[in-house]
Amino acid sequence: MEFHYNKPEFVDGELDFHRFVLLVTHRYSDRIRFVGELEVAHAFVEGLEEAGELELEQAYLDFLFSRGLNIRAGLMLMPVGIINERHEPPVFYGVERPLVDTALIPTTWFEIGVGVHGEVGRGWRYRAFLTAPLDAERFTAEDGLRDGRQKGSRTNAGRLAATARLEYVGTPGLTTGVSVWTGRSGFQFRPRFDVPVHLIEADARYSFDRLELRAEAVQVSVGNTPDLNDAVGRTIGIDPNVAKTMRGGYLEAGYRVVSGARFGDIGAFVRYESVDTQHRMADGYLPLREFDRTAWVVGATYWPDADIALKFDYTMLRNRSVSIVAPNSFNLGLGWWF
Amino acid sequence: MRRSFWLVCVSVVVSALGTAPPGGLAAQQGTESKAEPVVRIRAERFTFTPSEVRTTVGTRLDIELKSDDTVHGFRIIGTDVNVEVPKRGKGSVRVVFTPTTPGRYTFECSHTCGAGHSFMRGVIIVEAK
Ligand SMILES: [Cu+2]
């Protein structure tokens with residue numbers, strides 16, 4: 001569960017009951033499992049006109065044949081990056097998720113699909129799924145792929161996407177992985193044309209005693225953007241200026257300054273992020289430089305209990321535009337898990 | 001019915017903040033088996049590390065589980081082993097397990113711990129002597 005207070009410069013603060021998540025699991029047998037995750041997002045919003053939403057984020061069956069080979073079918077999380085599959089608020093620093101995990105990896109990213117997963121040897125894990133693709137008609141210059149999620153809701157399955165992740169978890173404290181996602185994401189257009197989207201990602205997470213380090217890098221390529229921008233522009237009246245390449249990454253270091261005290265743990269962190277959703281443009285398009293962003297985020301988390309996190313951070317956002325100023329913001333969040 | 005072919009000896013010690021019950025391993029008495037060093041397994045969302053443990057028939061495995069975050073569970077499928085792993089800062093739990101039949105025994109998290117809970121699995125490979 002996550003409760004946020006966000007105060008960007010120049011505007012009023014906003015209180016948001018950002019996420020309320022219910023997780024349901026059921027064991028039919030030792031070999032068949034059900035997992036369901038229901039989220040109420042933005043239940044209460046002040047100052048903005050954004051409406052709340054009720055989302056089913058996961059609803060799948062796992063058929064567990066062996067350690068090395070299992071089948072999953074239903075509404076499932078895309079196995080991309082650090083946060084998408086591991087998004088419980090006490091396990092990451094910072095009130096809001098990193099920009100990379102918002103615009104380029106549109107967390108929480110889930111689609112309907114089917115696939116295999118398993119683990120071999122001492123910690124080699126894989127997952128490979130065929131799922132519904134993103135909808136390129138909703139890609140934007142600012143938020144990248146974010147609005148393209150179909151979220152399992154009356155999903156267009158005229159095209160399929162494939163996604164896979166290989167991960168090594170065999171060393172205590174270390175998780176490293178690479179993820180790919182590829183799909184043909186244009187299907188609303190007449191006459192039909194394809195918008196092939198390829199995403200490649202690499203990440204690492206290491207924790208030792210009080211220290212936690214994270215790194216993540218993503219590159220996205222979108223094909224046929226002149227046709228895409230032209231078709232969407234004709235539909236909505238504004239050219240979305242979608243880039244043909246977007247990229248981003250972050251480095252983060254966190255340290256539990258207080259650990260094991262009677263009143264709980266306290267950790268401090270610093271994160272450097274870089275996200276450019278206008279990295280390379282098709283011929284004839286100019287990048288909007290305000291969406292070439294970097295951010296320094298510093299903050300702290302107080303865990304009165306391992307499952308409760310009171311977080312604050314200060315985000316210094318910068319961009320390459322000469323006229324549009326990126327606001328700094330102060331964020332306060334309370335998240336818990338039970 | 002794998003369960004009927006082998007014997008499991010289980011005991012659990014929760015050493016919560018220095019209040020470990022004395023004599024908590026009493027349930028081991030009577031097992032005539034060779035002891036190996038303690039196998040330490042770290043549990044965190046959503047992995048057990050190591051996730052593969054090798055042993056031989058008749059060897060007493062002392063498994064100590066410690067969580068790096070929330071409460072997890074440790075269940076060896078087809079046996080009576082099913083314990084709760086206390087959350088970070090609340091100590092560890094110890095399982096003593098003596099397989100008498102070779103085979104591959106899957107263990108898994110038995111306490112719902114988040115979105116990837118069903119990925120938390122591992123295996124104990126028991127080889128013949
Ligand atoms: Cu678990």
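**Exercise 1. Work out how the donor residues of the copper ion are spaced in sequence.**

Solution. This is a predicted model.
- Start with the ligands: the copper ion is coordinated by B:H72 (ND1), B:C109 (SG), B:C113 (SG) and B:M120 (SD).
- Read them in sequence. The spacing is H-x36-C-x3-C-x6-M.
- B:H72 sits in strand β7 (residues 72-76) of chain B, while B:C113 lies in the loop between β10 (103-108) and β11 (121-127) of that chain. The two are 41 residues apart, so the pair links distant parts of the chain.

**Exercise 2. Assign the geometry of the copper site.**

Solution. 
- Check the distances: the donors lie at 2.1 to 2.5 Å.
- Check the angles: the four donor atoms subtend 90 to 123 degrees around the copper ion.
- Apply the cut-off: four donors are tetrahedral if all angles lie between 85 and 135 degrees.
- Conclude: the arrangement is therefore tetrahedral.

**Exercise 3. Decide whether B:H72 and B:C113 are buried or exposed.**

Solution. 
- Buried means under 20% relative accessible area.
- B:H72 has 0% relative accessibility, so B:H72 is buried.
- B:C113 also has 0%, so B:C113 is buried.

**Exercise 4. Judge how compact chain A is.**

Solution. 
- Count the elements: chain A holds two helices and 16 strands.
- Compare the radius of gyration, 20 Å, with the 20 Å from the globule rule for 338 residues. They are close, so chain A is as compact as a globular protein of that length.

Methods
Residues are numbered from 1 along each chain as its sequence is written. Chains are lettered from A and ligands numbered from 1 in the order in which they are written. This is a predicted model: local features need pLDDT of at least 70, side-chain atom pairs count only at pLDDT 80 or more; totals for chains, interfaces and linings use all residues. Side-chain values use heavy atoms; hydrogens and water are left out. Donors are N, O and S atoms within 2.8 Å of the metal (3.2 Å for Na, K and Ca); water is not among the atoms, so sites may look incomplete. Four donors count as tetrahedral if all angles lie between 85 and 135 degrees; four count as square planar and six as octahedral if opposite donors are over 155 degrees apart and all others between 65 and 115; anything else is irregular. Helices (H or I, at least four residues) and strands (E, at least two) are DSSP runs, numbered from the N terminus. Buried means under 20% relative accessible area, exposed over 50%, partly exposed in between (1.4 Å probe, protein chains only). The radius of gyration is taken over C-alpha atoms; the globule rule is 2.2 Å times the number of residues to the power 0.38.
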